[in-house]
Amino acid sequence: MSQTWWRGAAIYQVYLRSFADGNGDGVGDLAGLRSRLPYLKDLGIGAIWLNPWYPSPMADGGYDVADYRDIEPVFGTLAEAEKFISEAHELDIKVIIDVVPNHSSTESAWFKEALADPSARGRFWFADEPLNDWQSIFGGSAWTQVPDGQWYLHLFAPEQPDFNWTNPEVHQEFENVLRFWLDRGVDGVRIDSAALLIKSDTGYEDLDEVHDVYRRWREVADEYGERVLIGEVWLPDQERFARYLRPDELHTAFNFDFLSCPWDPAELRKVIDLTLATHTPIGAPPTWVLSNHDVTRPVTRYGRADTSFAHGGALHGSPSDLELGYRRARAAALLAMALPGSVYVYQGEELGLPEVEDLPDDLRQDPMYARSGGTNPGRDGCRIPLPWSGEEPPYGFGAGTPWLPQPESWRKLTVEAQRTDLGSMLNLYRTGLGLRRELLGDGTLAWLDLGPDVLAFTRDSGLTCVTNLGAGPVPLPPGEVALASGQLEDGLLPSDTTVWLTAS
Ligand code: NOJ
């Protein structure tokens with residue numbers, strides 16, 4: 001099995017708007033990100049995945065792309081993006097960008113052309129009347145009418161018209177877009193809504209023809225050598241999921257089963273086993289994801305009575321014991337980092353940020369909020385600008401007022417405050433990622449049986465990872481403690497704690 005970088009990488013997700021603001025307008029940007037590259041290097045990550053950075057009216061946080069070959073002016077310029085790519089490479093950090101092939105923006109040149117000229121509508125799904133009763137994933141109808149009476153399809157917000165992938169022009173356009181960025185040195189692309197591209201009378205989820213698209217994309221990526229295609233594929237059916245990872249398709253895909261899994265030993269064991277059983281036969285590395293810009297932050301999720309995650313916002317506001325959640329999030333981080341494959345860290349996860357659940361409604365920007373008629377609070381609470389330093393907002397995020405307000409309580413969670421605290425979440429991630437580079441990454445695991453409440457396994461390198469999800473402390477197997485997510489109690493592993501052991 002070839003040991004290419006993406007098989008075992010620790011990939012840090014940058015939500016650019018909220019990472020660091022270099023020009024003081026309250027919105028994160030490339031200047032801010034470039035200035036913080038040493039922070040990411042020091043954290044020990046091997047790659048950065050950036051959410052969409054293209055010109056966009058931001059109807060859906062940039063997932064409404066107006067021009068796939070340029071940079072949103074609020075974020076910077078194309079020249080700056082190129083500088084960023086080479087600066088990251090100088091630090092031996094790979095760069096992964098987000099490509100959005102399912103839908104565009106109503107502000108894109110193609111859609112504007114389609115609006116102006118009905119004969120130029122073949123790149124989208126236009127019809128004289130809605131062709132079905134599909135609902136938008138953000139709520140409401142998936143069809144919107146234009147002034148001349150026709151309707152167009154949008155699986156997400158009305159500002160995000162879906163491409164018609166039966167049109168060869170769409171295929172050609174995206175191959176060109178891939179080349180545009182691969183030529184500029186990006187090391188991979190994360191493919192948004194990867195299973196939704198093809199539409200038919202029966203539906204749009206995971207239709208067989210979508211694989212033809214990725215086979216072609218793989219040919220393009222392979223021309224460039226070590227580049228990676230990563231699918232955003234939410235599919236509970238493992239057999240269908242695995243089809244995306246066949247040797248001539250995508251390299252990896254996000255493991256949303258792990259992210260959604262409750263903090264429960266049997267459930268986690270089931271998900272881990274299923275993940276390995278899905279990936280091993282096809283030779284694709286699993287991915288381990290605890291959070292991203294679409295889901296409730298782990299500290300809040302793991303402190304609730306129901307620790308699972310599902311879209312829909314039903315659990316929002318349900319009470320969370322943040323201390324408990326924090327403790328479990330630490331344990332989960334070491335568990336995720338120890339599993340074979342690649343691991344994702346969503347910005348702020350390394351600071352133990354909780355979900356911000358009390359944003360005033362009039363500040364909410366996520367279309368999910370408005371389109372659900374306010375029943376779903378949306379995803380703004382995990383997208384709050386990062387706290388870097390200082391005692392009060394904007395906590396070193398930038399000189400201006402951040403585009404979403406940061407809580408007063410984040411004073412203790414800044415990078416500056418955590419850097420010097422050896423027991424902080426930041427230092428747990430730093431040390432964990434450092435050890436992971438030496439001892440973990442791609443490979444296999446062997447389970448150890450330490451009882452039904454304990455997840456324990458040994459990795460190829462000899463490192464043993466033990467997570468206690470039971471109510472009381474448990475004895476440890478032999479080994480030397482290399483890292484623990486919490487204090488051991490008289491040599492025992494307390495509840496909701498993970499330890500890494502090396503052979504003594
Ligand atoms: C998935 C992205 O992660 C999410 O943020 C976005 O809203 C949808 N795809 C639509 O692009």
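1. Shell make-up. In this predicted model, the shell around the ligand divides into 3 nonpolar, 3 polar and 7 charged residues. Start here when you open the structure.

2. Who lines the ligand. The ligand is surrounded by 13 residues. Asp60, His103, Asp192, His293 and Asp294 are the closest of them. Pick out these five side chains before turning to the contacts.

3. Asp60 places a polar side-chain atom 2.6 Å from an oxygen atom of the ligand. For His103, a polar side-chain atom is 2.9 Å from a ligand oxygen. Arg379 also has a polar side-chain atom by a ligand oxygen, at 3.0 Å. Each pair counts as a polar contact because its distance is within 3.5 Å. The protein covers 97% of the ligand's accessible area, which is 300 Å² for the ligand on its own.

4. Where does the ligand sit? The space it takes is the largest pocket.

5. An unreviewed UniProt entry carries the annotation "domain: Glycosyl hydrolase family 13 catalytic" for residues 13–383. In the model, that span is 31% helix and 10% strand. Its end C-alpha atoms lie 12 Å apart. Keep the record and the computed values separate when you cite them.

6. Positive phi at Met58. Met58 is not a glycine, yet its phi is positive, at about 65°. Where is this residue placed? Met58 is in the loop between strand E2 (47–50) and helix H4 (78–90).

7. Positive phi at Asp206. Asp206 is another residue other than glycine with a positive phi, near 60°. Asp206 belongs to the loop between strand E7 (188–191) and helix H7 (210–223).

8. A cis peptide bond. Which form does the bond from Pro393 to Pro394 take, with omega near 10°? The bond is cis. Pro394 is in the loop that runs between helix H13 (367–371) and helix H14 (415–419). Inspect the backbone at this step too.

Note on methods
Residues are numbered from 1 along each chain as its sequence is written. This is a predicted model: local features need pLDDT of at least 70, side-chain atom pairs count only at pLDDT 80 or more; totals for chains, interfaces and linings use all residues. Side-chain values use heavy atoms; hydrogens and water are left out. A residue is near a molecule or strand if one of its heavy atoms lies within 4 Å of it. A polar contact is a pair of N or O atoms within 3.5 Å; within protein, one must be able to donate a hydrogen and the other to accept it, and residues adjacent in sequence count only if both atoms are side-chain atoms. Accessible areas come from the Shrake-Rupley method with a 1.4 Å probe; for residues, only the protein chains shown count as cover. On a 1 Å grid over the protein atoms alone, a cavity is a set of points where a 1.4 Å probe fits but cannot get out, and a pocket is an open set with protein on both sides within 12 Å along at least five of seven lines; lining residues have an atom within 4 Å of a point. A molecule sits in a cavity or pocket if more than half of its atoms lie within 2 Å of its grid points. Ala, Val, Leu, Ile, Met, Phe, Trp, Tyr, Cys and Pro count as nonpolar, Asp, Glu, Lys and Arg as charged, and the others, Gly among them, as polar. UniProt positions are given in the numbering used here, feature names are shortened, and annotations may be inferred rather than shown by experiment. Helices (H or I, at least four residues) and strands (E, at least two) are DSSP runs, numbered from the N terminus.
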